[in-house]
Structures are given as structure tokens and as C-alpha cells.
Amino acid sequence: MKNFLSGLARLRRGPWEFVATLLIALGVFMLMQPFALWAYTYSFIVTLVGTVMFIIVSHFKE
Amino acid sequence: MSDKSIDRVAAATPAPVARKIRGLSDRAIAWIFVAPTIFLLLAINIFPLIWTIQLSFTNYKANRIGREVKNIGLRNYERILTDSDIWLNMQATAHFLFWTIFFQVLIGFTLAWLINKKFKGNDLWTTIIVLPMMLSPAVVGNFWKFLYQPQIGLFNYIVTWFTGAEPSSFEMLGSVDLAPWSIVIVDTWMWTPFVMLICLAGLRSIPDYIYEAAEIDRASKLRQFFTITIPMVLPFLMLAVLFRGIENFKMFDLVVQLTGGGPGSTTELTSINLKREAFEKWRTGYASAYAIILFVTVFGLASIYVKALNKVKER
């Protein structure tokens with residue numbers, strides 16, 4: 001956990017990619033879940049943020 | 001190419017051409033080779049994408065050329081993301097995605113595990129199992145339509161044989177409850193071999209000496225399966241799941257042939273709904289926004305897929 005947080009603080013690719021992957025997965029889940037319409041409404045913005053973040057952080061140092 | 005043949009090519013090149021090429025840097029020559037591909041990529045992929053993004057903010061209708069095109073901002077996105085019917089389509093897609101991937105991984109891995117055991121006729125069975133994957137989705141859709149016929153279809157008779165229910169008492173494609181499962185069955189039948197092949201590649205990449213070492217340590221077969229086989233095949237399985245996930249998210253042809261999205265809209269997957277919005281209702285701007293939402297989702301999944309692929313390569 002400490003390594004993960006320090007990786008985030010030092011802008012390292014691994015932890016940031018993990019965060020972006022989580023956001024994408026969360027966005028896709030929100031898009032397709034049958035429980036709440038509000039989650040469906042905000043799914044696109046979550047996926048978009050995750051995807052854009054993934055593109056940016058994949059250029060960070062290893 | 002050997003030195004001699006290089007010399008021969010150099011000698012055969014006309015002097016003015018050779019002079020021109022000699023004047024170019026390596027970087028310029030590389031660009032000359034890459035430029036046609038980049039141009040094609042821009043023309044076929046990037047330009048339509050940018051145009052679609054632009055259209056998604058308008059009320060453009062492709063069947064009304066003379067109509068004034070108004071910029072309506074994010075209204076198309078707002079309407080799509082608050083539409084409960086599209087939400088239902090997303091849920092139908094989720095049902096299709098979840099169950100196809102679940103069955104394909106389960107059956108595909110089991111088949112790969114069985115095929116990986118050395119037995120007589122191993123290659124013949126592999127070929128037979130892989131056959132459905134080689135067929136066109138349109139053909140598969142059509143012949144499963146016949147198999148699902150309640151009066152003459154083989155599927156209903158097989159179910160009758162197992163359950164004793166009357167063959168004509170249920171209709172796979174016409175029933176609201178059964179139709180979503182009918183498309184799951186067909187996609188599973190068609191694409192399980194693909195998952196099997198990926199799993200087989202994973203199983204064959206495990207070196208024998210690991211199992212031999214486990215045997216020496218007196219690890220049981222079950223322990224070997226859970227501590228060697230599963231962890232080493234997992235990246236391949238993950239790859240198969242992501243690949244099938246992305247493909248099934250875009251599923252169109254097979255389902256259109258089988259149910260056409262019906263009965264009602266129970267099997268109307270997002271891609272079918274998108275096609276209706278774009279080419280039946282002709283709401284081009286709205287459909288563009290819809291396409292962008294699906295594109296971002298698939299692109300996001302593809303990013304994870306590439307990451308997983310790199311992890312497999314690192315092994």
C-alpha cells in the first residue's frame with residue numbers, strides 16, 4: 001500500500017495505470033448494471049476519464 | 001539479401017534514381033515507406049472518428065441533406081444517458097456478455113485441458129472442435145434458426161429427450177424468457193473453440209519439469225492443478241476473456257440473423273439498437289453520440305487488453 005501511494009506521488013506508470021484500469025472497469029460496470037439509472041447516467045464520464053487517464057499515464061516512467 | 005545480390009540491385013538501379021535515393025536520409029526513406037499506411041489510416045480511421053465526434057454535437061440527419069444543422073452541445077449524450085430503453089439494451093448486452101464469456105471460458109478451458117492429454121485421434125478432435133469458429137456468423141445464425149424451429153428443429157427434440165417436455169411447447173426464439181439464452185447458446189457454440197485454442201496455447205507453454213518437480217514433492221493432482229496449471233494459464237484466460245468481451249460488445253450479425261433483436265427488444269443489443277437509430281430512424285447526430293459512447297467503452301476495454309497482452313509477453 002505504501003509502495004502504491006509513493007508510486008502515485010512520484011507519478012510512476014504502474015500504480016496510475018492500475019487506477020485508470022479500475023476507473024474503466026467501474027465505468028463499464030456502471031454502464032451495464034441493472035440497479036440504478038443514475039449510475040448508468042454517470043458511467044460514460046467515468047469510462048472517459050479512465051480511458052484518457054490510461055492514455056496519459058502510459059507515457060509515465062516505469 | 002547477400003552482398004552480391006545487393007550489388008546487383010544497386011547496379012540495376014537507373015543512375016538518376018540512384019542519385020535521388022542516395023540524397024535522402026535514412027529517416028526520409030523510412031517516412032516514404034510508412035507514409036501510404038499513415039495516409040490510409042488517417043483517411044479510413046481518424047477522419048471518420050473526428051467527423052463522428054463533430055456530428056455527435058449536432059442534430060444532423062443523413063436523410064435530410066438540405067436541413068439546417070444546429071449545434072446542440074451535449075444534448076444527444078444527455079438524452080442517451082438518461083434513456084431507460086437504451087439502459088435496457090445495455091443490460092441485454094451485459095446479460096449476453098456475462099453468460100457467453102462464462103460458458104466459453106468454462107467449456108473452452110475444460111476442452112483444452114482434455115485435448116492437452118495425449119490420446120489417439122487428438123488432432124482429429126481438435127479439428128472437429130474448431131470447425132464452428134471457421135463458419136460465417138450469417139450461416140451459423142441461419143442454420144441455428146432452423147435448429148430452434150419448434151416443429152421441426154433438432155434442438156427442441158434434444159431438450160424433449162432430456163426433459164420430457166413437448167417439442168412444440170416452447171419456442172427458443174419467440175419466447176421473451178428463452179430468446180436471450182438462445183443467442184448465448186449459439187455464440188457459445190461458435191466461439192468456445194477460440195477460447196479453447198488460447199487455453200491450449202497456455203497449457204502447452206507450461207514446462208513438464210514443473211510438474212515433475214511437483215511429483216517429486218508428492219503434490220496431489222488436484223494441488224498441481226490449482227497451484228501450477230491455473231496460475232500459469234490465467235494470463236491466457238484473461239486474454240481470452242478480454243478478447244471475447246470486446247468482440248461480443250460489438251456483436252451484431254449473429255443476433256440479427258437469429259432474432260433480429262426480438263421478441264420486443266429482449267435481444268436488442270446495443271449495436272443493433274445503434275444501427276436502428278442511424279439507418280432506420282436516421283437520427284445521425286444522436287447515433288453518432290451513441291457510437292462515441294460505445295467507442296470509448298470498447299477503447300477503454302482494449303487498453304486493458306493491451307496491458308494484459310504485454311504482461312503475457314513478459315512471461
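# Chatting through chains A and B

Biologist: How many Å separate the centres of domain 1 and domain 2 of chain B?
Modeller: Taken over C-alpha atoms, the two centres lie 41 Å apart. The domain bounds come from an automatic or database domain assignment, and for chain B it gives domain 1 as 3-55 and domain 2 as 83-314.

Biologist: Before we go on, what kind of model is this?
Modeller: It is a predicted model, in which local features need pLDDT of at least 70 and side-chain atom pairs count only at pLDDT 80 or more, while totals for chains, interfaces and linings use all residues. Residues are numbered from 1 along each chain as its sequence is written, with chains lettered from A and ligands numbered from 1 in the order in which they are written.

Biologist: Thanks! How many residues does each chain put into the contact between A and B?
Modeller: Chain A gives 17 residues and chain B gives 18 residues. Two residues are in contact if their C-beta atoms, placed from the backbone, lie within 7 Å.

Biologist: How do the axes of helix 2 and helix 3 of chain A cross?
Modeller: Their axes come within 7 Å and cross at roughly 155°. Axes are lines fitted to C-alpha atoms, for helices over the stretch in contact, and angles run from 0 to 180 degrees between N-to-C directions. The two helices are therefore roughly antiparallel to each other. For the cut-offs, angles under 35 degrees count as roughly parallel, over 145 as roughly antiparallel, 65 to 115 as roughly perpendicular and the rest as oblique.

Biologist: Left-handed or right-handed crossing?
Modeller: Helix 2 of chain A passes helix 3 of chain A in a left-handed crossing. A crossing is left-handed if the near helix is turned anticlockwise from the far one by less than a right angle, and right-handed if clockwise. The residues in contact include Trp16(A) and Leu23(A) of helix 2 of chain A, and Tyr40(A) and Phe54(A) of helix 3 of chain A. By class, the contact of helix 2 with helix 3 of chain A divides into 16 nonpolar, 6 polar and 2 charged residues.

Biologist: Switching to chain B, how do the axes of helix 5 and helix 9 cross?
Modeller: The axes of helix 5 (residues 84-116) and helix 9 of chain B come within 6 Å and cross at roughly 40°. That makes helix 5 of chain B oblique to helix 9 of chain B, and helix 5 passes helix 9 in a right-handed crossing. The contact divides into 20 nonpolar, 7 polar and 2 charged residues.

Biologist: Where is Arg218(B)?
Modeller: Arg218(B) is in the loop between helix 10 (208-216) and helix 11 (221-249) of chain B. Its phi is near 60°, a positive value in a residue other than glycine. Arg218(B) is exposed, with 7 other C-beta atoms within 10 Å.

Biologist: What about the phi of Trp282(B)?
Modeller: Trp282(B) has a positive phi of about 60°, although it is not a glycine. Trp282(B) is in the loop between helix 13 (270-279) and helix 14 (284-314) of chain B, and counts as partly exposed with 14 other C-beta atoms within 10 Å.

Biologist: Last one: where is Phe170(B) found?
Modeller: Phe170(B) is in the loop between helix 8 (154-163) and helix 9 (179-204) of chain B. Leaving aside neighbours within four places in sequence, its contacts include Pro150(B) and Leu178(B).

Terms used
Helix = DSSP H or I, 4+ residues; strand = E, 2+ residues; numbered from the N terminus. Buried ≥ 20, exposed ≤ 12 C-beta atoms within 10 Å, placed from the backbone. Nonpolar A, V, L, I, M, F, W, Y, C, P; charged D, E, K, R; others polar.
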